Amino acid sequence: MATMCSTISGLLAVGLLLLGVHGPADACSCGPSHPQQAYCQADVVIKGKIVGSKLISMDNSSDPNAFQWIQYEVQQQKMYKGFEKVEQVRHVYTPLSEFVCGMVLRADEMNEEYVLTGSLGTDGKVLINICSFNRLWSQLSLGQQAGLERRYDAGCRCTVVPCLSLPCGVTEDSQCLWTDGIFTGNWNGTQSRRYACSMKPTGLCQWVSARSTKARALFRKESQ
């Protein structure tokens, strides 16, 4: 299910409708998105260390009132998705203001390893925001790390549907119902941290442990 980052739709050509490192600012609304759905909707997914930043104007304008972006310098360590679109990610870009969903890092959040999911702008720049799935690597569960390695990609024929209110359910065999938030108030719960949505040979999608023998067997069948 698509989610919404309402205040940046006019600013980003391709919006990433995913969860981010921080909670959304008051004027920025981000809906829930499972890490697998975030992975599948992104153009580029990498693991990398953010080592520097500077303010830029995307159109190289000298106007001090021009809309400003943060250019983060990235030391890419691994690419999970986007091989056919970009050779290597050296910079990612985000709006300067959290008011428009910019991912503004504090000084103590720099020089850390992150998983970064981004969309490609028309000029080839990788765009991120706080609605993107951008997390400190150290905060990922083992299931999420396993998902990034292969599980999420193999499950992209499925759709993870968040349960936003009761009653809720799925309408297609290709959907998995995500209930973390409705029961706990925390979307980073068990299904988010431990499970992937996998399609069986019959076309039915179901939750499987991202690290289980059953999951590995299902994904092997898909790749054959």
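Which residues are linked with R106 in a network of salt bridges? I looked this up before anything else. R106, D108 and E109 form the network. I am working from a predicted model.

**Entry: salt bridges**

I searched the whole structure and got six salt bridges.

R106 meets E109 through their side chains, at 3.5 Å from N to O. R106 is partly exposed, at 48% relative accessible area. E109 is buried, at 10%.

Next I took D43 and K85. Their side chains form a salt bridge, N to O 3.2 Å. This pair links distant parts of the chain, 42 residues apart. I found D43 in the loop between α1 and β1, and K85 in the loop between β2 and β3. D43 has 16% relative accessibility and counts as buried. K85 has 42% and counts as partly exposed.

Then I turned to D123 and K125. The closest N and O atoms of this salt bridge are 3.3 Å apart. D123 is partly exposed at 48% relative accessibility. K125 is partly exposed too, with 23%.

**Entry: K125 again**

What does the charged end of K125 sit over? I traced it to the ring of Y93, 5.6 Å from the ring centre. I note that K125 also has its salt bridge with D123.

**Entry: aromatic pairs**

I counted three aromatic pairs. I followed up Y39 and Y152. Their ring centres are 6.3 Å apart.

I then placed the two rings in the chain. Y39 belongs to helix α1, residues 35-41, and Y152 to helix α2, residues 142-154. The pair therefore ties together parts that are 113 residues apart in sequence. I also checked burial. Y39 is buried at 2% relative accessibility. Y152 is buried at 1%.

**Entry: disulfides**

How many disulfides does the structure hold? I found six. I wrote down the pairing of the bonded cysteines, numbered in sequence order: 1-4, 2-5, 3-6, 7-12, 8-9, 10-11.

C28 and C101 came up with sulfur atoms 1.8 Å apart. The torsion about their S-S bond is about 110°, so I logged this disulfide as right-handed. C28 is in the segment before α1, and C101 is in the loop between β3 and β4. The two cysteines are 73 residues apart. Both are buried.

C40 is joined to C156, S to S 2.1 Å. Why did I log this link as left-handed? The torsion about the S-S bond is about -95°, so left-handed is the call. C40 lies in helix α1 and C156 in the loop between α2 and β7, 116 residues apart. C156 is partly exposed, at 31% relative accessibility.

C176 and C197 have their sulfur atoms 2.1 Å apart. The angle about the S-S bond is 80°, and the link is right-handed. C176 and C197 are buried.

**Entry: helix α1 revisited**

I went back to helix α1 to collect its contacts. Y39 in this helix pairs with Y152 in helix α2. C40, in helix α1 as well, links to C156 in the loop between α2 and β7.

Key. Residues numbered from 1 in each chain as written. Predicted model: local features only at pLDDT ≥ 70, side-chain atom pairs only at ≥ 80, totals over all residues. Heavy atoms only, no water. Phe/Tyr/Trp six-rings, centres within 6.5 Å; stacked < 30°, edge-to-face > 60°. Helix = DSSP H or I, 4+ residues; strand = E, 2+ residues; numbered from the N terminus. Buried < 20%, exposed > 50% of the residue type's maximum accessible area, 1.4 Å probe, protein only. Lys NZ or Arg CZ within 6 Å of the ring centre and 35° of its normal. Salt bridge = Lys/Arg side-chain N within 4 Å of Asp/Glu carboxyl O. Disulfide = S-S within 2.5 Å.
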